[in-house]
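Please keep the sequence and the model in view while reading.

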Amino acid sequence: MISCLCITRGDRPGLLSEAVSDFVRQTFADRELVILHDGDEAAHAGVGAIVAAHAGACIRIERTPPGPRLGELRNIAIERARGEWICQWDDDDRYHPERLRLQWEHAQSEQAAVNYLVDQLHWFRPDNTLFWDDWGAESYPMNIIQGTILARRAVMPPYPDIGRGEDTLQTHALFRAEASKAFRISRLRGMGWCYIYRYHGSNAWHAAHHRAISAAKHLTPPRLLPRLAQLRDRLRDYRPQLPSMRTHLGAGTGYVTLGETDYA
């Protein structure tokens, strides 16, 4: 079983509802969603209402007293998960229905205990711009997207008890373990459309951090143009439906719109 772990504050129900819907629509069958929060009764009731809309889905709501920072919250969620495999499932991002299946099959094909995506879509909601970011040019072994981890729980070191950047330090520990030949880490490339990293203004990291990522890593027009038809096709698969967005195709061409009619 894959346990998808979702840490939420309960104060952005619209975003959480979309993340839950994306979990429910995954094509990989043997899975559960663990939603962990440290909120009050109102927050608990709000999360419960979202889950109740998906009767029959394997979703559990877990609570913990207020106080732990994000890293420790992730550790608590891992302790309460039932699956042999763990997948980070942030409450403010979007996930294509094939996301779990693709990463799982890639890990199995390489006999790996850990799998990361190398590509992602980066959605800036304030102006609805979309970039396809490729981390492949980063120096090995950090040519991965840390927040896309799928791993055997048995090999995962604990997250540090910090409020942000916890996945970076945990990733460093995983790579040190891999270097000792303890297990293998695999990288799934070219599937950026299966995960949408969303900047909405209330993220752990500020706007400049997000903008810097896409400024350095977005696919240039010659690399994006051959993938544009595939990108349109895959964005159609998201439910709830995505809004109209623009993606950059260079100074001469400007932006091309990926409109709502493309997703119908």
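## Charges, fold and cores

The chain carries 32 positive and 32 negative side chains, and the centres of these two sets lie 3 Å apart; Lys and Arg count as positive and Asp and Glu as negative, while His and the chain ends are not counted, and each charge is placed at NZ of Lys, CZ of Arg, CG of Asp or CD of Glu. The model is a predicted one, in which local features need pLDDT of at least 70 and side-chain atom pairs count only at pLDDT 80 or more, whereas totals for chains, interfaces and linings use all residues. Residues are numbered from 1 along each chain as its sequence is written, and side-chain values use heavy atoms, with hydrogens and water left out.

The chain contains 8 helices and 13 strands, which are DSSP runs numbered from the N terminus (H or I of at least four residues for helices, E of at least two for strands). Its radius of gyration is 18 Å, close to the 18 Å that the globule rule gives for 264 residues, so the chain is as compact as a globular protein of that length; the radius is taken over C-alpha atoms, and the rule is 2.2 Å times the number of residues to the power 0.38.

Of the 264 residues, 53% are buried, where buried means under 20% relative accessible area, exposed over 50% and partly exposed in between (1.4 Å probe, protein chains only). The largest nonpolar core has 47 residues, and those with the most contacts inside it are Leu33, Trp89 and Leu235; such a core is a set of buried Ala, Val, Leu, Ile, Met, Phe, Trp, Tyr and Cys residues joined through side-chain atoms within 4.5 Å. Helix H1 (residues 13–24) gives this core its largest share, 4 residues, and a second, separate core of 22 residues includes Val114, Ile144, Leu174 and Phe175.

## A buried threonine

Thr247, in strand S12 (residues 245–248), counts as buried because its relative accessibility is 3%. Leaving aside residues up to four places away in sequence, Thr247 touches several residues, including Leu130, Leu224 and Tyr255, a contact being heavy atoms within 4.5 Å.

## Backbone features

Most residues other than glycine have a negative phi, and most peptide bonds are trans. The table lists departures from this pattern.

| Site | Backbone value |
|---|---|
| Tyr140 to Pro141 | cis, omega near 10° |
| Arg239 to Pro240 | cis, omega near 5° |
| Gln111 | positive phi of about 50° |
| Lys181 | positive phi near 70° |

Gln111 sits in the loop between helix H4 (99–109) and strand S6 (114–117), and Lys181 in the loop between helix H5 (166–179) and strand S10 (185–188).
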